[in-house]
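The following exercises concern individual residues of one protein chain. Please work through each task before reading its solution.

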Amino acid sequence: MKLKNKNKSLCSSFGLACLLLVIFPISMDASWAQGSTKTIQFRTHIIDDSLIGGAFSNTGLADMDGDGKLEYIMSSRGTGKIYVYKYHEPGHWSRYIVGDNPPTDAGGAVLDVDGDGMPDYLVGGAWYRNSGELQTPYERIVFDDGIMDGSIHDQVVADINGDGRMDVITMSDRNNLRWYAIPDNPRNSWQRQDIGAAVHGGVAPKGHGDLDSDGDVDIVRTDVWFENLDGEGTKWKQHDLGPFMPLPEGEPTWADKAARSWVADINQDGRLDVVQTVEEMRGGRVWWMENLGPDSGGTIQWCRHEIAGWDRIMGGLHSLGVADFTGNGKLDVITAEQDWQRARPGKKGEENPRYYLWENLGVGPSWSNNPKVEWREHVIADINLGGHEIVFGDVTGDGMLDIVGKPWSPSDNNALGGKAFVLFLENKSILD
């Protein structure tokens, strides 16, 4: 399936053990793009359909055992387990349980906390020290017992204070948006700095970057962004980014302004833009906020460009990735509709959830008289299994970006009769 997006824009000044796999047929879309022919296709594998329960979250792709290959890590508040899936080949994975009691709602991050060269796992107010062996459980170490209540929803890493070391950003609608500097001895309590008020979600998976081009990291939170005033993350100023869709009647208040955010230069003009999705309810949308630069008063102006969702009732899009999946040197966008029944697509959730890739065709060519970015839509998985916090990386080692996904909680109406699952979308695209 393919659909060329006619770029709906709105510009305003805002003041701004081994597992056997089921392989589904290839999802294929051969597309013509600005004079080149390529085939965008992903082969879908079910790498686990034996999981029990729900609340699966906190996903990552990293080399967890030091063998030079990516493993998939995730955990579940429902089962109380942390899982690592080791890739052998597309039809052969192994599952390990490396920890217990992940204290969070969603989010999670992978980074080398203690500087030993191995990626550790960060969840809520605790980090799990990588043992170096998938057969050996990870040690659980609490860095802030004030956020061990399972409420953290967004958790990302970035160098906030410019010291060359990764810091940790967390947000929960039960407390606030904040960041932590990791001390030399990460077993000690971590230093906290508050940024601003919270919403349920709006910072993950990559809502950070130098938006004002002053050399430090700023933070996006759904409809606002926070300027890092001193470059050290101790003083912040809130600015408008753009209005978020109003909360539909009947939706829970916690879903208000809940979004995914990713900071990247979409139109390659040297300024960082923001890509976003509506994550927690059906009626999801995908758009990007173009950074137009500052006005005469120094306030950054933004222009909203719709990518998808304005013309249909999509599911909740609790996934977002931005990278060059199609080999043209431009940043594409991926997402997935949720499997969770309350956020499945269609007016009443009657449609099947899909995985999408929007190919960035670049700013319109001279003959189109379109100065804005054009997109081509590809449905890359359509097997009635949705996604939540999907992640991507070159799992197979062939230089192509693959995708791994799973549900938050499975729908009784999914293709597996209500089973939870983990999906591997193997990138088999043929690029120029």
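**Exercise 1.** Determine where Arg178 is placed and whether Arg178 is buried or exposed.

*Solution.* Step 1: Arg178 belongs to strand S17, residues 177-181 (strands, E, are DSSP runs of at least two residues, numbered from the N terminus). The model is predicted: local features need pLDDT of at least 70, side-chain atom pairs count only at pLDDT 80 or more, and totals for chains, interfaces and linings use all residues. Residues are numbered from 1 along each chain as its sequence is written, and side-chain values use heavy atoms, with hydrogens and water left out.

Step 2: The relative accessible area of Arg178 is 5%, so Arg178 is buried (under 20% relative accessible area, with a 1.4 Å probe and protein chains only).

Step 3: The side chains of Arg178 and Tyr180 are joined by a polar contact of 2.9 Å (a pair of N or O atoms within 3.5 Å; within protein, one must be able to donate a hydrogen and the other to accept it, and residues adjacent in sequence count only if both atoms are side-chain atoms).

**Exercise 2.** Identify the side chain of opposite charge nearest to Glu337.

*Solution.* Step 1: Glu337 is located in the loop between strand S29 (332-336) and strand S30 (355-363).

Step 2: The nearest side chain of opposite charge is Arg354, 4.3 Å away. Glu337 is buried yet has no salt bridge (a side-chain nitrogen of Lys or Arg within 4 Å of a carboxyl oxygen of Asp or Glu).

Step 3: At 3.0 Å, the Glu337 side chain reaches the backbone nitrogen of Gly315.

Definitions and conventions: Helices (H or I, at least four residues) and strands (E, at least two) are DSSP runs, numbered from the N terminus. Buried means under 20% relative accessible area, exposed over 50%, partly exposed in between (1.4 Å probe, protein chains only). Lys and Arg count as positive and Asp and Glu as negative; His and the chain ends are not counted.
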